[in-house]
Amino acid sequence: MDATTTSGTPFSTVIRVASHEQHTEAETSTFMSDLLGGRLGMTAYARYTEQLWFVYRALEDGAESLRDDPVAGPFIRPELMRTAELERDLAHLRGADWRDELAPLPATVAYAERVAQCARDWPAGYVAHHYTRYLGDLSGGQIIRDKAEKTWGFTRKGDGVRFYVFEQIPNPAAFKRSYRELLDAVNADDLEKQRIVDECKKAFDYNGAVFRELGAEFPLSA
Ligand code: HEM
């Protein structure tokens with residue numbers, strides 16, 4: 001059987017298990033391996049941060065209108081918002097004029113457009129994108145932060161890595177538990193839950209495509 005929820009498995013488990021393989025692919029992508037291996041310069045890190053800005057703009061612009069939505073509404077939490085942090089990081093990485101040189105990769109455009117489309121037309125799909133990014137940032141994001149601080153000498157939890165620092169979430173483990181409870185209680189039937197899982201897989205694909213394009217721009221893998 002497909003990874004549906006009819007088995008009584010909590011939805012948070014279904015979605016985690018269903019995306020596990022793609023998660024490993026993302027973690028071990030050439031670009032991520034090079035980044036975490038300390039083989040890339042700060043330019044590559046800034047380029048990656050820039051791509052995230054487009055994605056979070058789509059996620060967080062879309063969040064506004066979903067606040068009262070019965071499906072996506074419960075997930076919209078101000079303490080998760082990342083756009084302001086990304087903007088501080090970009091100002092640090094690229095200087096005060098960072099907005100002048102913003103350029104999304106084609107894969108980033110496609111990703112951000114899909115997020116915006118879900119926010120507009122399909123709140124359950126938006127939940128898939130929300131989960132894929134924010135729960136990841138609260139988890140593996142901390143590994144990336146640590147590595148970035150060591151590789152490029154950012155102040156611990158300071159400018160350059162603020163994206164990874166959730167000031168208003170002092171206990172990420174507890175937050176993730178409550179987030180999983182929200183997933184388990186998501187206002188969707190089994191078919192819709194399956195569609196959320198499918199969209200989550202697409203979200204990983206979108207991330208993978210961004211990594212591939214970044215990898216092509218910074219082809220350093222050893
Ligand atoms: C090198 C990069 C990455 C590392 C080292 C990493 C590491 C981790 C780790 C250790 C966890 C488990 C945390 C826990 O059990 O609470 C996790 C969870 C997660 N990661 Fe990543 N990750 C990386 C990249 C990504 C990417 C690119 C995405 C998607 C955009 C992603 C999405 C997620 C999600 C959604 C979870 C939550 C799974 C769940 O508990 O439901 N990760 N990551």
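Q: Leaving aside its neighbours within four places in sequence, which residues is Val 210 in contact with?
A: This is a predicted model, and in it Val 210 lies in helix α10. Across 158 residues of chain, the C-alpha atom of Val 210 is separated from that of Leu 52 by 9.6 Å. Beyond its sequence neighbours within four places, Val 210 is in contact with Gln 51, Leu 105, Ala 107, Thr 108 and Tyr 111.

Q: Is Val 210 buried or exposed?
A: A residue counts as buried under 20% relative accessible area. Val 210 has a relative accessible area of 6%, so Val 210 is buried.

Q: At roughly what angle do the axes of helix α1 and helix α10 cross?
A: Two packed helices are described by the distance between their axes and the angle between them. α1 covers residues 11-18 and α10 residues 190-217, and their axes come within 9 Å. The crossing is right-handed. Its angle is roughly 35 degrees.

Q: Which residues in α10 are met by Phe 11, Val 14, Ile 15 and Ala 18 in α1?
A: By class, the contact of the two helices has seven nonpolar, no polar and two charged residues. On the α1 side are Phe 11, Val 14, Ile 15 and Ala 18. Their partners in α10 are Lys 193, Ile 196, Val 197, Cys 200 and Lys 201.

Q: Of which class is the aromatic pair of Tyr 56 and Tyr 134?
A: The model has 13 aromatic pairs. In the pair of Tyr 56 and Tyr 134, the ring centres are 5.6 Å apart and the planes stand at 80 degrees. Planes over 60 degrees apart put a pair in the edge-to-face class, so Tyr 56 and Tyr 134 are edge-to-face.

Q: How many residues apart in sequence are the parts that Tyr 56 and Tyr 134 tie together?
A: Tyr 56 is buried at a relative accessible area of 0%, and Tyr 134 is buried at 1%. Tyr 56 lies in helix α4 (residues 42-66) and Tyr 134 in helix α7 (residues 123-138), so the pair ties together parts whose separation in sequence is 78 residues.

Q: What is the class of the aromatic pair formed by Trp 152 and Phe 154?
A: Both Trp 152 and Phe 154 are buried. Their rings are 6.3 Å apart centre to centre, with 50 degrees between the planes.

Q: Which residues do ring pairs link into a cluster with Tyr 56 and Tyr 134?
A: Tyr 56 and Tyr 134 belong to a cluster linked by ring pairs.

Q: How far from the ring centre of Phe 166 is the charged end of Arg 82?
A: The charged end of Arg 82 sits over the ring of Phe 166. Its distance from the ring centre is 3.7 Å.

Q: Which residues does Ala 72 touch, not counting those up to four places away in sequence?
A: Ala 72 is in the loop between α4 and α5, and at 0% relative accessibility it counts as buried. The C-alpha atom of Ala 72 is 9.2 Å from that of Trp 122, which is 50 residues apart along the chain. With residues up to four places away left out, Ala 72 touches Leu 66, Pro 123, Tyr 126 and Val 127.

Q: About how many degrees is the positive phi of Lys 157?
A: Most residues other than glycine have a negative phi. Lys 157 is in the loop between α8 and α9 and counts as partly exposed at 36% relative accessibility. Although Lys 157 is not a glycine, its phi is positive, at about 60 degrees.

Terms used:
Residues are numbered from 1 along each chain as its sequence is written. This is a predicted model: local features need pLDDT of at least 70, side-chain atom pairs count only at pLDDT 80 or more; totals for chains, interfaces and linings use all residues. Side-chain values use heavy atoms; hydrogens and water are left out. Axes are lines fitted to C-alpha atoms, for helices over the stretch in contact, and angles run from 0 to 180 degrees between N-to-C directions. Helices (H or I, at least four residues) and strands (E, at least two) are DSSP runs, numbered from the N terminus. A crossing is left-handed if the near helix is turned anticlockwise from the far one by less than a right angle, and right-handed if clockwise. Contact means heavy atoms within 4.5 Å. Ala, Val, Leu, Ile, Met, Phe, Trp, Tyr, Cys and Pro count as nonpolar, Asp, Glu, Lys and Arg as charged, and the others, Gly among them, as polar. Rings of Phe, Tyr and Trp (its six-membered ring) pair if their centres lie within 6.5 Å; planes under 30 degrees apart count as stacked, over 60 as edge-to-face and the rest as tilted. Buried means under 20% relative accessible area, exposed over 50%, partly exposed in between (1.4 Å probe, protein chains only). A charge sits over a ring if NZ of Lys or CZ of Arg is within 6 Å of the ring centre and within 35 degrees of the ring normal.
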